[in-house]
Amino acid sequence: EATPNSLGLVVSDLTDAQKKELKVDSGVLVESAVGVAAAAGLRAGDVVQRLNDVDIKDAKQFNGLVAKLDPKKRAAVLVRRGDSSQFVPLRPSANGN
């Protein structure tokens, strides 16, 4: 079981088939959402496409970016669910809760 990052997210890379099915070019799939992410309404199956001003390519890059976030500032996470995308403000915490 993967440990959630400081935004409370466990993500995985999207396969080409998933990208086609979800109609996205890039992003990572949310496997689970706890803590701040869950409180903001994120859930498994959502796709994270951007973090602040950076397009997300894969899980390693996303988790690397999350690790550098300032806990005093909210991060803008572009989340796609179904046919709609929206920015969700998330404030990182030390342990994702």
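Because the model is predicted, local features need pLDDT of at least 70 and side-chain atom pairs count only at pLDDT 80 or more, while totals for chains, interfaces and linings use all residues. Residues are numbered from 1 along each chain as its sequence is written, and side-chain values use heavy atoms, with hydrogens and water left out.

Strands here are DSSP runs of E with at least two residues, numbered from the N terminus. Strand β1 (residues 9-13) is mostly covered, since 4 of its 5 residues are buried, where buried means under 20% relative accessible area, exposed over 50%, and partly exposed in between (1.4 Å probe, protein chains only). Strands β1 and β2 (residues 28-33) run antiparallel and are joined by 5 bridges, two strands being paired if DSSP finds at least two bridges between them; within this arrangement, V11 has V30 in β2 as its bridge partner.

Q49 lies in strand β3 (residues 47-51), and it counts as buried because its relative accessibility is 15%. Its side chain makes a polar contact with the side chain of S85 at 3.1 Å, a polar contact being a pair of N or O atoms within 3.5 Å of which, within protein, one must be able to donate a hydrogen and the other to accept it, with residues adjacent in sequence counting only if both atoms are side-chain atoms. Beyond its neighbours within four places in sequence, Q49 is in contact (heavy atoms within 4.5 Å) with residues including V24, I56, L78 and R80.

A76, in strand β5 (residues 75-81), is partly exposed because its relative accessible area is 28%. With neighbours within four places in sequence again left aside, A76 is in contact with R50, L51, N52, F87 and V88, whereas its C-alpha atom is separated by 12 Å from that of I56, 20 residues apart along the chain.
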